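The sequence and the structure come next.

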Amino acid sequence: MTEMVKRLKENGIITVLGSVFPIGVKDVRNAVILEENKIIKNLCEEYGAIFVDYYSALVSDDGITMQDLSVGDDLHLHALGYNKVANCLYPVFDKIFGKK
């Protein structure tokens, strides 16, 4: 991913990377996701890419598991979950394309 982001920057392409979504069960994957998100955020900071933090918008009050936003499998979002994702993207679009 680093090489891809580096090449995009070298070619003047606006790059947007999003965090990995939380999952709805408490297990080791949650810790892995948090670490992956730190890596993605640091990569964005290093190369001037835009980081979209979906994780914070989707995580429950426990700070680990996904809110009740899945289709029942604790992984894939339903319409309300995707609405939250879209709300994360609107400010990014405004930043890139200008507010209308």
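Lys38 is partly exposed, with a relative accessible area of 48%. In this predicted model, Lys38 forms a salt bridge with Glu35, and the closest N and O atoms of the pair are 3.3 Å apart. Glu35 is also partly exposed, at 44% relative accessibility. An α-helix has 3.6 residues a turn, so residues three or four places apart point the same way.

Asn37 lies in the helix as well, α2 being residues 28-47. Is Asn37 buried or exposed? Asn37 is buried, because its relative accessible area is 8% and buried means under 20%. Leaving out residues up to four places away in sequence, Asn37 touches Ser19, Val20, Phe51 and Tyr55.

## Other salt bridges

How many salt bridges does the structure hold? There are 4, and the pair of Lys38 and Glu35 is one of them. Side chains of opposite charge can pair when their charged atoms come close.

Asp62 forms a salt bridge with Lys26, with 3.8 Å between the closest N and O atoms. Asp62 lies in the loop between α3 and α4, while Lys26 lies in the loop between β1 (16-18) and α2, so the pair ties together parts that are 36 residues apart in sequence. Asp62 is partly exposed, with a relative accessible area of 33%, whereas Lys26 is exposed, at 62%.

Asp27 pairs with Arg29 in a further salt bridge, where the closest N and O atoms are 2.7 Å apart. Asp27 counts as partly exposed at 32% relative accessibility. Arg29 is partly exposed too, with a relative accessible area of 46%.

## Nonpolar cores

The largest nonpolar core has 11 residues in all. Ile50, Val52, Tyr54, Leu58, Met66, Leu69, Leu77, Val85, Cys88, Leu89 and Val92 make up this core. Two or more residues each come from β2 (50-52), α3 (54-58) and α4 (79-97). Which element gives the largest share of this core? The answer is α4, with 4 residues.

A second, separate core has 7 residues, among them Leu17, Cys44, Tyr47 and Ala49.

Leu69 is one of the residues of the largest core. Not counting residues up to four places away in sequence, Leu69 touches Leu58, His76, Leu77, His78, Leu80, Gly81 and Lys84.

## Helix α4

Helix α4 has 19 residues. From its first C-alpha to its last, α4 reaches 25 Å, close to the 27 Å expected at 1.5 Å a residue. A kink of about 25° lies at Leu89, shortly before the proline Pro91.

Which residues of α4 are buried? They include Gly81, Val85, Cys88, Leu89 and Val92. The cover over the buried residues of α4 includes β1, β2 and α3. After α4 comes Gly98, whose phi is positive, near 90°.

Note on methods
Residues are numbered from 1 along each chain as its sequence is written. This is a predicted model: local features need pLDDT of at least 70, side-chain atom pairs count only at pLDDT 80 or more; totals for chains, interfaces and linings use all residues. Side-chain values use heavy atoms; hydrogens and water are left out. Buried means under 20% relative accessible area, exposed over 50%, partly exposed in between (1.4 Å probe, protein chains only). Contact means heavy atoms within 4.5 Å. A nonpolar core is a set of buried Ala, Val, Leu, Ile, Met, Phe, Trp, Tyr and Cys residues joined through side-chain atoms within 4.5 Å. A salt bridge is a side-chain nitrogen of Lys or Arg within 4 Å of a carboxyl oxygen of Asp or Glu. The expected span of a helix is 1.5 Å times one less than its number of residues. The bend at a residue is the angle between axes fitted to the seven residues ending there and the seven starting there.
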